[in-house]
Amino acid sequence: MNDKKTKKAYYHLPGLFEFYDLYSVFLPLYREHREYFYDWCEISSVYGAPADCIWGGGRAGYGECSAEDVLALMNEYGISSRLTFSNSLLGPEDLADRKCNALCELLNSSKHVQNGVIIHSDLLLEHIKNNYPGLYFVSSTTKVQTDFDEFLKETDRNDFKYVVPDFRLNKMFDKLGTLSQTQKNKVEFLCNECCSFYCKDRKACYENVSRKNLGEDCPDHICTAPDAEGGYRFSKAMKNPAFIGVNDILNTYMPLGFSNFKIEGRSLGSAVVLEFLLYYLTKTEYQLTVREEIYLDNMLDLF
């Protein structure tokens, strides 16, 4: 059924470790004042990685919060925890890493909510599948599958519960509309990408992060896209041809049968991530109320 009134949008949010302090304040507000927030959406998962995880990819993780505290917070609110283990350059020698295996073991042992792994490497996928069978897998957008047929094959892989397509496929409605409902249920759209729609270096950028997470001494990737020096701006992301806004979700994607939406932002500050939470989850008339509640919390430093 495609009636938007009978469906939910499920958000997958950034900063599992990186923004623990923000979520520890936001989630109680989200539960206690559900009237502030849209009733057609839910928080399904939060993704991220601690600092110094060699399996990490996409963006360099910098969270310092203990994994036990993170998992306890997410379990309390029934939210799935996802590890961003999307390094594309792993070798067999990397699979024995103690820190990354311990994180998988912890999330695998959870009895409350099923947790998952955002993954790129098939080598790592097989390792985690064999050793931590309770975890589910998300095919990472770091694969940069800009060919729609390649993406379609990814949705047919039984290994993946979700597949995040390259953001440049977001508006291919003539093709997206042909997916079966089973395929649609697996698609998780990246909503707020700020990277240039015409970028040719996206895969090289992700590989650079993978090399750095492996401890390689390599120069930073220099983005040559227009306005790259300005960094991330939500206002700029909203002008991206692939941007998916609240009205798009309600009036286009949900009626088409899609329900999963990923918000990027692990490498950004918590003040910017708060703006995402306000825009995507919070009713317009309560956005100032929620912003004030968060900013006035003396335990939280948003900058």
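Select N115 and show its side chain, which reaches the backbone oxygen of L107 at 3.1 Å. This is a polar contact (a pair of N or O atoms within 3.5 Å; within protein, one must be able to donate a hydrogen and the other to accept it, and residues adjacent in sequence count only if both atoms are side-chain atoms). The model is predicted: local features need pLDDT of at least 70 and side-chain atom pairs count only at pLDDT 80 or more, while totals for chains, interfaces and linings use all residues. Residues are numbered from 1 along each chain as its sequence is written, and side-chain values use heavy atoms, with hydrogens and water left out.

N115 sits in the loop between α3 and β4; helices (H or I, at least four residues) and strands (E, at least two) are DSSP runs, numbered from the N terminus. With 1% relative accessibility, N115 counts as buried (under 20% relative accessible area; exposed is over 50%, partly exposed in between; 1.4 Å probe, protein chains only). Apart from neighbours within four places in sequence, its contacts (heavy atoms within 4.5 Å) include L71, S80, S81, G134 and Y136.

Next, select β5. Y136 and V138 point one way from this strand, F137 and S139 the other way, and all are buried. On one side, β4 and β5 pair in the parallel sense over 4 bridges, with V117 opposite F137; two strands pair if DSSP finds at least two bridges between them. β5 also runs parallel to β6, joined by 3 bridges, and V138 stands opposite Y162 there.

Which of its residues are buried? They are L124, L125, H127 and I128. They lie on the same side of α4, because they cover an arc of only 165 degrees around the axis (taken from the directions from the helix axis to the C-beta atoms). Their cover includes β3, α3, β4, β5 and β6. At the N-terminal end, S121 caps the helix, a side-chain oxygen lying 3.2 Å from the backbone nitrogen of L123.

Finally, show all strands. The open sheet has 8 strands in the order β6-β5-β4-β3-β2-β1-β8-β7, with parallel pairing. β6 (160-163) and β7 (188-190) are at the edges with a single partner strand each, so one side of each has no neighbour in the sheet.
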